[in-house]
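Colleague: I've got the model open and a handful of spots I'd like to talk through. Can you take me around?

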Amino acid sequence: MKPGSKQNIVGLVLPGILLAVVCLVPFLNKAYTVDDPFFLLEARQILKTPLQPWSFPMCWLGDETCLPQAGMWAVCARQGLLGYLLVPVILAGGTEWLAHLLQILLACLVVMEMVRLALRLGLSRVQASIAGMLVVAIPPFLSMASTAMPDILALALGLTGIERLLAWKDDRRWHQAIVAGLALGIAPYARPHAALFLPLGALWLFDEFKLRAALAQFRRQAVLWTPILIGGCILIVVTVLTRQRGAALETTDVLVGTRYAQANLNAYLLYLCFPIPFAAAWLGVQWRRATFLLISTLIAMVILCVILFSPVTFLRGCELVGELYSLAVLVDMIRTCLRTGDRLGTLLSLWLLMPLPAVFYVHLPIKFFVPVLPAIALVLIRLLSSLSQSRARLAYGAMMLACVVYSFVLLRADADFAEYGRSAASQLIAPRVAAGEKVWYGGQWGFYWYAQEAGARISKPGEPGPNPGELLAVGLMEGGDSTLKRFPNRELIDSRSYTSRHGRTVGFGAGLYSNRFGYLPWRWNTVATNTYELWRIR
């Protein structure tokens, strides 16, 4: 019997599923936040134009960039899959608990596929169960599973595709090939960077990576790569059917460029050190190796010079230490795998590199690591398997506890941040609309959704409204100050400010959703506030 092919895995997936459910259920009513409105409005549009999910008007970016069709941002037009799954949420009135329940179900699917993949790769049943828990515990899995964004969906599809691909390689059953191709083909329509699962999957099918042997295997077993062909064809068909009609707005000069590379590479390396425990675990196990002592000494000298002779804060110095250690660990792991001919280690190393093409994008948030969490879990398990059983248990326990605690801290703080927009709309907008006043709004993120739901209208540059006597509600952090500049004659009617009792995930140095706000996903700052204002136009 092939590992993981027909074994009863209910008992193995249960710990990971329970972990996800226990952590996420308390936030079942969490408000929508950041990019959630994109996908909710997409679902609403699907009810009108099923093959054009991004053909609704949108004002975003915090600078009053308004487009007649959201798909004119080309990156939006390429991630329409979640909208179809969110259609029941729209039919249910946009209720939050249903959207979050959907994400919990997707999280359970990820745990199941993670366990199946671990078994198929030859891990023990205990290790496979640990893999299912690790993929949930390691940030930012739980954070993204508490949103209405498609990162968990993309991971579920990519992981299913890889597992079914290996099942096809082992068993050669055509239903396995079809499922693998379907999952790998539609995953990029959830998140575009999930397209890298296709070339990664193609490499997993090779028995070895020496050129002659690989070419010989391809000639002998070309049919083995049928799922990759199926996936590629599905991706092309989906792209053509749902493509945005009309020109896209963004160009390489706007959202892509080499000017973003340094900050994004710094973020990529820092995330591998913290909050993802990749570098820490590797160094904890391999610290005795002489090469690492030399690297550590060199890094310490570099950091000392930077801190002493340049205006670097203590926090940035610590971040730089983490980045350099992650680089050293990553290079050492890849070098070791190539030198020893470790096929699985090489494949996992390549999987870890999946976010790297995004270094030229406008940002590289930690959510880009969601597709590589299975690889990180497998690397950690392989690494800790070299320890004695007692030490391995201690390491697993400490790592799991640290990851879960930090993930819960993120969940708690992000729930606060999400609630600001919902509360502001219910307190500033809804009562005025109920009283018969005409209210307009400016801003983005969750406030964009809740202001609409409360009955306000978006104020757009170059279009009428609000008129004298009417009301304008804005979220200052959400970019509402750009809207206020168009209306110098105004009177403040009411305002709300919300403090960060559990720390920050967005702004004030925290960058859970974008490293442009900060490299760390969470920062402690109880005095930081989100302010919303209601003005009467004169």
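Predicted model: local features only at pLDDT ≥ 70, side-chain atom pairs only at ≥ 80, totals over all residues.

Colleague: Good, then which helix does Leu 484 lie in?

Modeller: Leu 484 has a relative accessibility of 6%, and buried means under 20%, so Leu 484 counts as buried. Setting aside neighbours within four places in sequence, Leu 484 is in contact with Leu 472, Val 474, Leu 476, Arg 490, Glu 533 and Trp 535. The element you want spans residues 476-484, and that is helix H23.

Colleague: Arg 490 and Trp 535 are both on that contact list. How far is the charged end of Arg 490 from the centre of the ring of Trp 535?

Modeller: For a charge to sit over a ring, CZ of Arg has to be within 6 Å of the ring centre and within 35 degrees of the ring normal. The charged end of Arg 490 does sit over the ring of Trp 535, and its distance from the centre is 4.4 Å.

Colleague: And which ring does the charged end of Arg 457 sit over?

Modeller: Here the charged end is 5.9 Å from the ring centre. The cut-off is 6 Å. The ring belongs to Trp 440.

Colleague: While we're on rings, how many aromatic pairs does the count come to?

Modeller: Rings of Phe, Tyr and Trp pair if their centres lie within 6.5 Å. By this rule, the count comes to 26 aromatic pairs.

Colleague: Which residues of H2 meet H22?

Modeller: On the H22 side, the contact takes in Trp 445, Gly 446, Tyr 448, Trp 449, Gln 452 and Glu 453. By class, the contact has 6 nonpolar, 2 polar and 2 charged residues. From H2, the residues are Pro 37, Leu 40, Leu 41 and Arg 44.

Colleague: How many of the 11 residues of H2 are buried?

Modeller: The buried residues include Asp 36, Phe 38, Glu 42 and Gln 45. H2 is largely enclosed by the rest of the structure, because the buried count is 10 of the 11.

Colleague: Trp 445 came up in that contact. What is its phi?

Modeller: Trp 445 is in helix H22. It is buried, with a relative accessible area of 8%. Most residues other than glycine have a negative phi. Trp 445 isn't a glycine, yet its phi is positive, at about 60°.

Colleague: What about cis bonds: which residue does a cis peptide bond join to Pro 140?

Modeller: Pro 140 has its place in the loop between helix H7 (125-137) and helix H8 (141-145). The omega of the bond is about 10°, and the partner is Pro 139.

Colleague: And which residue is joined to Pro 466 by a cis peptide bond?

Modeller: Pro 466 is found in the loop between strand S4 (457-458) and strand S5 (471-475). Omega is about 0° for this bond, and the partner is Gly 465.

Colleague: Last one: what is the relative accessibility of Asn 530?

Modeller: Asn 530 is found in strand S9, residues 529-537. Beyond neighbours within four places in sequence, its contacts include Phe 417, Tyr 420, Met 477 and Arg 504. Buried means under 20%, so Asn 530 counts as buried, with a relative accessibility of 1%.

Methods:
Residues numbered from 1 in each chain as written. Heavy atoms only, no water. Contact = heavy atoms within 4.5 Å. Helix = DSSP H or I, 4+ residues; strand = E, 2+ residues; numbered from the N terminus. Nonpolar A, V, L, I, M, F, W, Y, C, P; charged D, E, K, R; others polar. Phe/Tyr/Trp six-rings, centres within 6.5 Å; stacked < 30°, edge-to-face > 60°. Buried < 20%, exposed > 50% of the residue type's maximum accessible area, 1.4 Å probe, protein only.
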